[in-house]
Amino acid sequence: MWQAAAIPRARYLLTRVLTRTGRAAEALTILDELDRQFPATIDVNLMRSWAEEILGHREAAIGFDERSLRTGKLLGFSDPFYRSVELRRARMGSIAWYNQSLELENQGRLEEALNLCARSLQATWTEDKAFQLAKLHLKLKHFKEAIALIEDSITRVGASARALDLIGVASVGLGDHARAQKAWEQATLIEDTPDLRRKLAELARQRGDQESARWHFGLEKFNEGKKAFLNNDLQAALPQFQAAVENSPQHLLSWFYLAETFRFLGDKAGAERAYRGSLRLDPFFGRSLVGLERLANR
């Protein structure tokens, strides 16, 4: 029988029980071990903030709360037994065909990969298999087939950013730039990424719309900066956010994250300027008001 102590998620859940039952100091010991064992995660830092607050350590609580904002990771559920089941499944039936298809793709044998992936999808439909088959069709310039697969997937499980992105790529292949623009703009509403903004900026440049191209370029830089910020790489994030506010000065979150980056780097003057830049766009933006308050109390 597997011991719960071997599962990081179980140890984390234990800290929630300890914190709720007046044993926050014991919880901190476990949380400190998890923090050393794994990269910084949102949930561990938030739990440490809560435990520190209960123990009356206000500054430490704020520190861990803010640290949780500079990561996009969550503590994974790692069950050794379930992992062994997954490994066995990967060698059987339609999952094995799918994995073999991935290997064939890496070898450049695209037609063979496509046929094997189609066989796997026909045996058991999953969203990942449908996307992989659509990507193979794209590589082989079967644009209509790729769109048909993704539209079927959207009907089954709903739209996602990657689904709309693939429709956009296939639409460009068919010369339908208007449909590509619509798909990519819809995708940004679900999950904004630098790649989507890069594609939208290029479409705007091609149709001579320099204002829109600059806006999308600015948001490309914002998303690059946010990615670095969530990896706690503040030096890499800073020039990206600076480029974002220069090119998309009406984008409130670019100003806010620029301010947060300046604050965490210890540049109080830069942080205040950027916070006030965001407040010019929305005088009641609470996150910037809190940031200015924390800046004044440092």
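Buried means under 20% relative accessible area, exposed over 50% and partly exposed in between, with a 1.4 Å probe and protein chains only. This is a predicted model, where local features need pLDDT of at least 70, side-chain atom pairs count only at pLDDT 80 or more, and totals for chains, interfaces and linings use all residues. Residues are numbered from 1 along each chain as its sequence is written, and side-chain values use heavy atoms, with hydrogens and water left out.

**View 1. Gly-93 in helix H6.** Gly-93 lies in H6, residues 93-106. Its relative accessibility is 42%, so Gly-93 counts as partly exposed. Glu-185 is 92 residues from Gly-93 in sequence. In space, the two are 38 Å apart, C-alpha to C-alpha.

**View 2. The whole protein chain.** The chain holds 17 helices and zero strands. Helices (H or I, at least four residues) and strands (E, at least two) are DSSP runs, numbered from the N terminus. Along its principal axes, the C-alpha trace spans about 65 × 60 × 30 Å. Of the 298 residues, 43% count as buried. Contacts (heavy atoms within 4.5 Å) were also sorted by sequence separation. Among those with a separation of 6 or more, 50% come from residues 24 or more positions apart.

**View 3. Thr-15 in helix H1.** Thr-15 sits in H1, residues 8-20. Its relative accessibility is 0%, so Thr-15 counts as buried. A polar atom of the Thr-15 side chain lies 2.5 Å from the backbone oxygen of Tyr-12. Leaving out residues up to four places away in sequence, Thr-15 touches Ala-27, Ile-30, Leu-31 and Met-47.

**View 4. Helix H7 against helix H8.** H7 covers residues 110-123 and H8 residues 127-139. Their axes come within 9 Å and cross at roughly 155°. Axes are lines fitted to C-alpha atoms, for helices over the stretch in contact, and angles run from 0 to 180 degrees between N-to-C directions. H7 and H8 are therefore roughly antiparallel to each other. That term applies to angles over 145 degrees; under 35 is roughly parallel, 65 to 115 roughly perpendicular and the rest oblique.

**View 5. Residues between H7 and H8.** From H7, the contact includes Leu-110, Ala-113, Leu-114 and Cys-117. Ala-118, Ser-120 and Leu-121 of H7 also take part. They meet Lys-129, Ala-130, Gln-132, Leu-133, Leu-136, His-137 and Lys-139 in H8. By class, this contact has nine nonpolar, three polar and two charged residues. Ala, Val, Leu, Ile, Met, Phe, Trp, Tyr, Cys and Pro count as nonpolar, Asp, Glu, Lys and Arg as charged, and the others, Gly among them, as polar.

Terms used:
Polar contact = N/O pair within 3.5 Å; in protein donor to acceptor, adjacent residues only side chain to side chain.
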